[in-house]
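The sequence and structure come first.

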Amino acid sequence: MEPWFDEAETNALALYMKSGGWLTEYSETRELEGLIASYVGSEHCIMMPSGTLALYAMLKVLGITGEVIVPDMTMIATANAVRMAGAQPVFADISIRDLCLNLYALSDHITRRTSAILLVSLNGRAPNMDMLHHLTRKYNLILLEDAAQSLGSTWQGKHLGTFGLAGVFSFSCQKIISTGNGGCVVTDDTQLAQELRIFKDFGRKEGGHDKYETFGINLKFTDLQAVVGIQQMKKLPWRVERKKEIYDLYRNLLIGITELTLVTTDLEFTCPWFVDILAKDREGLSSFLGMNSISTRPMYPAIRLTPPYGYGGAQDWISDTVAKCGLWLPSSSQLADTDIRMVCDVIKEYYG
Ligand SMILES: *Cc1c(COP(=O)(O)O)cnc(C)c1O
């Protein structure tokens with residue numbers, strides 16, 4: 001996966017620099033927020049310096065304490081942000097159907113201290129959101145979304161990140177579009193949006209004076225990055241379509257290899273950010289691909305077993321299987337179809 005920057009970003013940055021802007025968050029950031037909000041269909045979008053800090057700010061401003069259910073298969077930032085905000089992440093297993101929280105086993109993890117469920121729509125896929133809403137209502141929990149990987153993906157046509165009270169996207173350099181680093185919170189809740197804006201500016205309602213309303217820190221974005229983000233938003237529709245084409249091509253070419261499993265993916269709604277496969281003998285496959293100059297990356301470890309969390313315990317979760325077999329294949333939207341055919345030929349050669 002690689003970002004795509006070209007003359008569009010170069011020219012926009014040059015124009016911005018000549019305009020005398022102060023680089024920090026101002027009108028370009030407002031414009032980018034408007035573009036994102038209308039793309040995903042939310043009332044508000046609040047830019048943050050990263051996806052991690054967007055998750056943190058969302059949890060902190062909502063005052064989420066107690067236990068928060070997070071999936072065991074995710075980028076570690078999901079759990080770390082919960083911890084940083086002062087709550088306790090409680091890991092739950094995923095479903096092999098969509099690699100997201102297994103809703104059928106979720107109630108096993110709900111206790112009197114549970115305050116929220118932080119859904120991760122891994123690789124743009126989502127579980128049955130009606131069922132999830134039913135669960136959160138039944139147990140009186142707040143639904144929040146880490147949709148960092150889901151820009152361009154919907155569940156039944158409604159954009160991911162907009163199902164709960166608030167959702168988060170990331171614009172780090174591997175994500176579908178990038179501002180180098182960056183993230184945002186989207187929400188329809190006007191009061192939450194206002195509180196987030198105050199929180200990210202030292203607890204002030206506006207800059208230029210020192211009137212502090214509440215506790216806050218500096219989580220401002222920069223207009224320099226927003227200028228890039230505005231150009232990236234123009235490329236997003238093409239990238240979303242190209243990602244779907246790439247996934248579809250891989251899927252068609254890899255069909256019939258019994259050593260591989262691909263997660264069922266409805267390309268009408270899901271934009272797979274990475275091409276993920278579950279592979280028998282993953283290490284062997286990835287080193288054979290490496291010998292053929294094809295880079296791959298193992299999927300995430302089961303977060304509950306990583307040193308910062310170190311639960312230990314039984315290792316027969318679905319997340320353990322995915323951590324052991326999951327592999328990301330070359331997924332850049334700049335790949336040509338011939339590149340993808342070549343990768344698939346090498347995979348076929350490996351499995352004989
Ligand atoms: C990338 C990512 C994050 C962290 O976002 P950053 O912008 O890198 O801080 C959080 N959660 C998930 C699921 C991610 O993929």
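In helix H3, Tyr56, Ala57, Met58, Lys60 and Val61 meet Leu192, Glu195, Leu196 and Phe199 of helix H6, where contact means heavy atoms within 4.5 Å. The model is predicted: local features need pLDDT of at least 70 and side-chain atom pairs pLDDT 80 or more, while totals for chains, interfaces and linings use all residues. Residues are numbered from 1 along each chain as its sequence is written, and side-chain values use heavy atoms, with hydrogens and water left out.

**H3 and H6**
- The axes of H3 (residues 51–61) and H6 (residues 190–199) come within 10 Å and cross at roughly 115 degrees; axes are lines fitted to C-alpha atoms over the stretch in contact, with angles from 0 to 180 degrees between N-to-C directions.
- Helices are DSSP runs (H or I, at least four residues) numbered from the N terminus.
- The crossing of H3 and H6 is right-handed, that is, the near helix is turned clockwise from the far one by less than a right angle.
- The contact of H3 with H6 has seven nonpolar, no polar and two charged residues; Ala, Val, Leu, Ile, Met, Phe, Trp, Tyr, Cys and Pro count as nonpolar, Asp, Glu, Lys and Arg as charged, and the others, Gly among them, as polar.

**H1 and H7**
- The axes of H1 (residues 7–18) and H7 (residues 223–254) come within 9 Å, crossing at roughly 145 degrees.
- This crossing of H1 and H7 is also right-handed.
- H1 contributes residues including Ala12, Leu13 and Tyr16, and H7 residues including Val227, Val228 and Gln231.
- By class, eight nonpolar, two polar and three charged residues form the contact of H1 with H7.

**Salt bridges**
- The count comes to 18 salt bridges (a side-chain nitrogen of Lys or Arg within 4 Å of a carboxyl oxygen of Asp or Glu).
- One of them joins the side chains of Arg30 and Glu33, at 2.9 Å from N to O.
- Arg30 and Glu33 are about one helical turn apart because they lie three residues apart in helix H2 (residues 27–40).

Terms used:
Helix = DSSP H or I, 4+ residues; strand = E, 2+ residues; numbered from the N terminus.
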